[in-house]
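Here's a quick tour of a protein model, put together for someone just starting out. Keep the structure open and turn it as you read.

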Amino acid sequence: MGLYISDNQFSVLIDGLHTKYGDDYLFPTEELVNKISTKLKPDVILFTHYHGDHFSAQLAKNYLQTNQKAKIFGPNQVTNNVTTFNDRVHSISVKNYTKQTTIVGNNKIIGLKIDHAGKRHAKVENVGYIVNIGSKKILHVGDTNWLEEIQLFDKLELFKEEIDIAILPYWMLMQNNAADLIKKHIGSKLIIATHISPRIKEQELLKLKDQYPNIHFLTKLEQQIQL
């Protein structure tokens, strides 16, 4: 799910500092972690939740030590692990679905609770972000699903935000009415699908590409999309 976003003036890394979690999850190599810290140098690192395929406390601390002006955002289950850097750590509340806005330089970051998918993860604090970078509004939802049983996306009212790009885990696209749900609840001009297992069957990916010909699928480390 890790993603680096830059307009050459400001950059954000989302869920990009973690270690190996399992065979279904790509993870940054030691070389890539070093590249993030010394070359890419994101101004802000956003974590959606504390699961090991999204967050490493040690890598987060290492990054803050190396990059003295960088900031980290995340729910309390994340930020409680990096308390020694409190002046540069922003916690996103998950008490309700209120959008929480922080200005970083000339850019705006909005964090909000977006429930984690799956009943067994009900206590996981998952947050989404709307990043205003350049002229784009980019939505990242972490590990959620449509969760129509709790009317999640009705509560979020993301359609009011005029999202340009939505970054979604690929399983959200597999629901039969997903295209209608995207149009109704998000309304973005472009979708980027992530969290795609390296062990996904080729025919499954081809089927999704047929369904969504204008969607980008991120399947490899350091794969780039120019927009």
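This is a predicted model: local features need pLDDT of at least 70, side-chain atom pairs count only at pLDDT 80 or more; totals for chains, interfaces and linings use all residues.

Let's start with what a pocket is: on a 1 Å grid over the protein atoms alone, a pocket is an open set of points with protein on both sides within 12 Å along at least five of seven lines, and its lining residues have an atom within 4 Å of a point.

Residues are numbered from 1 along each chain as its sequence is written, and side-chain values use heavy atoms, leaving out hydrogens and water.

**The largest pocket**

- The lining of the largest pocket is made up of 43 residues, and Leu-3, Tyr-4, Ile-5, Leu-218 and Gln-223 are the ones nearest its centre.
- Two or more lining residues come from each of β1, α1 (30–40), β9 (136–140), β10 and β11.
- Those labels are DSSP runs numbered from the N terminus: helices are H or I with at least four residues, and strands are E with at least two.

**The five-stranded sheet**

- Two strands count as paired if DSSP finds at least two bridges between them.
- An open sheet of 5 strands runs in the order β1-β2-β3-β4-β5, and its pairing is mixed.
- β1 (3–6) and β5 (89–91) sit at the edges with a single partner strand each, so one side of each has no neighbour in the sheet.
- On average, neighbouring strands of this sheet are turned by 20° against each other, direction ignored; the axes behind such angles are lines fitted to C-alpha atoms, with angles between N-to-C directions running from 0 to 180 degrees.
- Strand β4 (residues 71–74) pairs with β5 in the parallel sense over 3 bridges, and Phe-73 stands opposite His-90 in β5.

**The seven-stranded sheet**

- Another open sheet, this one of 7 strands, has the order β6-β7-β8-β9-β10-β11-β12, with mixed pairing.
- Its edge strands are β6 (100–104) and β12 (216–217), each pairing on one side only.
- β8 and β9 pair in the antiparallel sense over 5 bridges, with Ile-130 opposite Leu-139 in β9.
- These two strands make a hairpin with 2 residues between them, and Gly-134 in the turn has a positive phi of about 65°.
- β9 and β10 pair in the parallel sense over 3 bridges; here Ile-138 faces Ile-165 and His-140 faces Ile-167.

**Helix α5**

- Which residues of α5 (residues 178–185) are buried? They are Ala-178, Leu-181, Ile-182 and His-185, where buried means under 20% relative accessible area, exposed over 50%, and partly exposed in between (1.4 Å probe, protein chains only).
- Looking down the axis of α5, you'd find its buried residues within an arc of 100°, so they line one face of the helix; the arc is that of the directions from the helix axis to the C-beta atoms.
- On the face turned away from that buried side, α5 carries the exposed residues Asp-180, Lys-183 and Lys-184.
- The cover over the buried residues of α5 includes α4 (152–156), β10 (165–169) and β11 (190–194), with contact meaning heavy atoms within 4.5 Å.
- Just after α5 comes Gly-187, with a positive phi of about 70°.

**Residues worth a click**

- Most residues other than glycine have a negative phi.
- Asn-8 has a positive phi, near 75°; it lies in the loop between β1 and β2 (11–14) and is exposed at 74% relative accessibility.
- Asp-15 has a positive phi too, near 55°; it sits in the loop between β2 and α1 and is buried at 0% relative accessibility.
- His-121, in the loop between β7 (107–113) and β8 (127–133), is buried with a relative accessible area of 16%.
- Leaving aside residues up to four places away in sequence, His-121 touches His-51 and His-116.
- Thr-66 belongs to helix α2 (residues 57–66) and is partly exposed, at 49% relative accessible area.

Terms used:
On a 1 Å grid over the protein atoms alone, a cavity is a set of points where a 1.4 Å probe fits but cannot get out, and a pocket is an open set with protein on both sides within 12 Å along at least five of seven lines; lining residues have an atom within 4 Å of a point.
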